[in-house]
Amino acid sequence: MITHNDRLLLGPGPSNPYPEAMEALGRPVLGHLDPDYLALMTEISGQLRTVFGTANELTLPVSGTGSAGMEACLASLLQPGEKAIVGVNGYFGERLCEVAARGGAEVVRVEAPWGRALDPEALLGARRTHPDARLLAVVAAETSTGVRNDVAPLGALRDTDTLLLVDAVTALGGSELRVDDWGIDACYSASQKCLGAPSGLAPVTLSARAVQVMQARVVPVRSFYLDLGLLQEYYLASTPRYHHTASSTLAYALHAGLARLLAEGREAVWARHAAIGARLQDALRKRGFGLVAQDGHRLAQLTATTLPEGLDEAPLRRALLQRYGIEVGGGLGEFAGRAWRIGLMGHAARERSVVALLGAVDELLG
Ligand SMILES: Cc1ncc(COP(=O)(O)O)c(C=O)c1O
C-alpha cells in the first residue's frame, strides 16, 4: 500500500509548493482551448515577464520540467551543424552540452572545475575565437555544486551575432536574474524550485532577436512538441491553434505560486533566500561541514556541503528522510558519496526549514 507522507523538501528540487499552489490543483479542469484557460495563460505570461525581468513577447510556460525548457530553447535556436559555446562547471552544464550535441550542434566547451565559477572573460574569449557561434549557454545557478555563475558580463554578446542562453532553473525567483538588463536572449526555468509550484511546467522567454533567429531557420525544429514557434502560435496568437493538450491544473498551480512570489516582491524574495541560505551555511560551518562553492559565488537557495570527516552521508540522509521526513539531496559527480545538496527554495526558504534540519542533524550526530 502507498502511504501519503508529508515531507519537508530540502533537496535540490522539488521544494514544497506554496499552500495556494496546492489548493489551486483542485480547481475544475479546463479544455486546452477554453477562453478561460487561454486568459489564464496570458496572465501567467505577464507574471513571468515580471519575474524574469523582461518585456519579451514570447514568454510562456512550456509543458514539461526544466529539461523541456532546455530542450525547447536549444532545439528551437540551433540548426544541425551550428556552433554552441557552453560553459561547463557542473552537471547541468554537461547536460546542456549533451542536449546541444544530440541536436547535431558542434559544441565548444569552456570549463571550470566543479565548485568554481565560470570565467566570463574565458567565455567571451571563446566567442572571439568562434565568431560564428550561434549561441553561448551558461547555467546561472549550478545545482550540482551551489555555484552562482556571473551572467551580467556576458551581456556584451548583445553587440555580436551570438545569442546568450541562460539556464535559470534554480536561479529564477531565488536570486538576482535580470533578463533584459543583462542582455539574455533565451532563458528557461522550472515550476518546482523557487517559484513555489509543483513540477510540470518550464517557463521560457525569448528576446526579439532570438525569435528572428528562430523564424529565419532553414531546417524545421526537429521536435514538434518543443518548437517554441508553434507554442507561441498556440498560446499567444490572436486565434490560438491546437498544438497539444496542455494542463490547466498545472497552470493554475503555477499562477498561484507566481502570484504569491509577486505579492512579496521579486527583490524581497531574493533577499529572503539570501538571508535564510546564509543562516544555514553559517550553521553548517560551525558544525564542521564544508562548503563546495567558492566564496563570492555561493548560492543561497542551494548549498552543496561536504560532511565532516568520518561521516557516511547516505545512511544519515536516509535517516533524515525516514525519521524526520526531511529530504536533502546527495552529491553529484565528484561529490557523490561525500556531499549533500540542501535546497531552501520558494516556500521552503524560511526559518522553520533550517531549524528543523539542524535540529534533526544535531540529534543524529549526537
Ligand atoms: C540547473 C538545472 N538545469 C536543468 C535542470 C533540469 O530540470 P528538471 O529536472 O526539472 O527537468 C535542473 C534540475 O534540477 C537544474 O537544476
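At what angle do helix H2 (residues 35-52) and helix H8 (residues 248-264) pack, and how far apart are their axes? Keep that in mind while you set up the view. This is a predicted model.

**Stop 1: the helix pair**

Select residues 35-52 for H2 and residues 248-264 for H8. The two helices pack at an angle of about 35°. Their axes lie 10 Å apart. The crossing of H2 past H8 is left-handed.

Now show the side chains at the contact. On H2, pick Tyr37, Leu40, Met41, Glu43, Ile44, Gln47, Leu48, Thr50 and Val51. On H8, pick Ser248, Ala251, Tyr252, Leu254, His255, Leu258, Ala259, Leu261 and Leu262. Colour them by class. The contact of H2 with H8 has 13 nonpolar, 4 polar and 1 charged residues.

**Stop 2: the sheet**

Next, go to the open sheet. It has 7 strands, in the order S2-S10-S9-S8-S5-S3-S4. The pairing is mixed. Select 58-63 for strand S2 and 106-111 for strand S4. These are the edge strands, and each pairs on one side only. Look along the sheet to see the twist: it averages 20° from one strand to the next.

Which residue of S4 stands opposite Ile85? Zoom in on Val108: that is the residue opposite Ile85.

**Stop 3: a cis peptide bond**

Move to Gly13 and Pro14. The peptide bond that joins Gly13 and Pro14 is cis, with omega about 5°. Pro14 sits in the loop between strand S1 (8-9) and helix H1 (19-24).

**Stop 4: the two domains**

Zoom out and colour by domain. The domain assignment gives domain 1 as 8-13 + 266-365 and domain 2 as 19-262. Note that domain 1 is listed in two segments. Over C-alpha atoms, the centres of domain 1 and domain 2 are 26 Å apart.

Then select the contact between them. Domain 1 contributes 23 residues and domain 2 contributes 25 residues. Which elements give two or more residues to the side of domain 1 that touches domain 2? Show helix H9 (266-286) and strand S12 (302-306): those are the elements. H9 gives the most, with 4 residues.

Finish by colouring this side of domain 1 by class. The side that touches domain 2 has 11 nonpolar, 9 polar and 3 charged residues.

Notes:
Residues are numbered from 1 along each chain as its sequence is written. This is a predicted model: local features need pLDDT of at least 70, side-chain atom pairs count only at pLDDT 80 or more; totals for chains, interfaces and linings use all residues. Two strands pair if DSSP finds at least two bridges between them. Axes are lines fitted to C-alpha atoms, for helices over the stretch in contact, and angles run from 0 to 180 degrees between N-to-C directions. A crossing is left-handed if the near helix is turned anticlockwise from the far one by less than a right angle, and right-handed if clockwise. Two residues are in contact if their C-beta atoms, placed from the backbone, lie within 7 Å. Ala, Val, Leu, Ile, Met, Phe, Trp, Tyr, Cys and Pro count as nonpolar, Asp, Glu, Lys and Arg as charged, and the others, Gly among them, as polar. Domain bounds come from an automatic or database domain assignment.
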